[in-house]
Amino acid sequence: MYEIQINNNYDFKKESYSTHFPNLHKYPATMLPQIGIELFKELKIGKNKLLDPYCGTGSSALAGIAVDFSEFYGFDINPLAILISKARYERLNIKKLFNYRESVEEAVYYEKDNILPPFVTNIHFWFSKRSIKDLSVIRNSILEEVENEKYQALFWLAFSETVRFVSYTRNSEFKLYRMPEEKRKSFNPDTFDLFFKNLDKILNTYIKFYLPLLNKQKFYFYSKEFEYEKNKYDVVLTSPPYGDSRTTVAYGQFSTLSSEWIGFPNSRKIDSKLMGGKKVKTLYDKGVLSESIKKIDQRDSKRALEVSSFYIDLEKSIKEVSQAITSKGFSIYVVGNRTVKNITLATDQFIAEQFEKNGFRHILTYERAISSKVMPSQNSPTNIAGKKVNTMHKEYIIVCRKF
């Protein structure tokens, strides 16, 4: 077993992501940039090339900016996450930005008929006829009036937030749940008004907070799975998924309506492409997790295979990441240990084990309390009335260094 140290310096009590870093767009399970900033200072890391192989909305880049990293590379399968990252770290001309905003507003309020929506799965199940018409007008206006894709990104973020607000989904949930009929009957949002409020908020946040952070750093974001392709990185800072998307954080479900409206391909297939999304026929039976998975198999063979699928994918991913780190470089993973069938899976130990198998030495593992999280304190994984278990309250920061 790899030693774990409780380190309260990383709890960041009463702090959330937005305490120091205002959001441009809502997104599930984002890593606190404060963790990376504090750790970089402790380890005296800076002014190098930084990689996040599961970058989400670019939290690691914020940590890199704070300690003067020169280059940042982010990979994520979810195109909405990459869109948010690109929008946040693109250097744009403010005057040109507001000229585009004026053009879009004029186009939106100009009388238009017969603008067809893109293909959105079960569109009338999730949206009213009025919302479909208004969203189609906004989408068409962005496409026609904002020809520069770099500037389009901020407009798409406002559009994405609007799609979620005017849909019949329960906005407090990351998974897709339709609001009950009695609420739908009285639900009549002003789509245009919401869009421009979202847009102005996003533009204001970008201009006042993110644009001033951008100097000579270089940012590269890719909407695909990370694979080693001879490019080397000095440091990896990341927070991989805690488990398969279906039973942990539903990144694909959260993104799917916005992604289809924007026009991203294969939006409904994101969850199946994430780690643990593919079915396997054999249990993962190696190393520190073998006994835990056997115990799960004794209680539920299907769940044991689902868990195995996730760790098979994570093992493969760590091997790719390991090859991409320079000699003496660091890997820093922030992860939670999930519980399946009342059996805790020591993902922190697994990550340390896998990096040591790939030419690294385990330096430290810190345990931190999760002070701000979007999940209930208890849930009911068995779906048996009254039978609940505690959800995750701790995260682990695993630091390894290449020989």
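A pocket is an open set of points, on a 1 Å grid over the protein atoms alone, with protein on both sides within 12 Å along at least five of seven lines; lining residues have an atom within 4 Å of a point. Grid points are joined across faces, edges and corners, and a volume is the space filled by probe spheres set on the points. The model is predicted: local features need pLDDT of at least 70, side-chain atom pairs count only at pLDDT 80 or more, and totals for chains, interfaces and linings use all residues. Residues are numbered from 1 along each chain as its sequence is written, and side-chain values use heavy atoms, with hydrogens and water left out.

The second largest pocket holds about 540 Å³ of space. Its lining comprises 22 residues. Leu83, Lys86, Glu149, Lys150 and Ala153 lie nearest the centre of this pocket. At least two lining residues come from each of H3, helix H7 (149–166) and E4; helices (H or I, at least four residues) and strands (E, at least two) are DSSP runs, numbered from the N terminus. By class, 13 lining residues are nonpolar, three polar and six charged. Here Ala, Val, Leu, Ile, Met, Phe, Trp, Tyr, Cys and Pro count as nonpolar, Asp, Glu, Lys and Arg as charged, and the others, Gly among them, as polar.

The sheet is open and has eight strands, in the order E1-E9-E12-E6-E5-E2-E3-E4. Pairing, which requires at least two DSSP bridges between two strands, is mixed. Strands E1 (5–6) and E4 (218–222) are the edges, each pairing on one side only. Helix H3 (residues 79–88) packs on the sheet and touches strand E3 (71–75) and E4; contact means heavy atoms within 4.5 Å. The direction of H3 makes about 165° with that of E4. Axes are lines fitted to C-alpha atoms, for helices over the stretch in contact, and angles run from 0 to 180 degrees between N-to-C directions.

Strand E2 (residues 49–52) pairs with E3 in the parallel sense over four bridges. Asp52 has Gly74 of E3 as its bridge partner. Four of the five residues of E3 are buried, that is, under 20% relative accessible area with a 1.4 Å probe, protein chains only.

Two cavities of 30 Å³ or more occur in the whole structure; a cavity is a set of grid points where a 1.4 Å probe fits but cannot get out. Residues lining the largest cavity include Ala61, Phe69, Glu71 and Lys218. Helix H2 (59–66), E3 and E4 each give two or more residues to this lining. H2 supplies the largest share, three residues.

Note on methods. Buried < 20%, exposed > 50% of the residue type's maximum accessible area, 1.4 Å probe, protein only.
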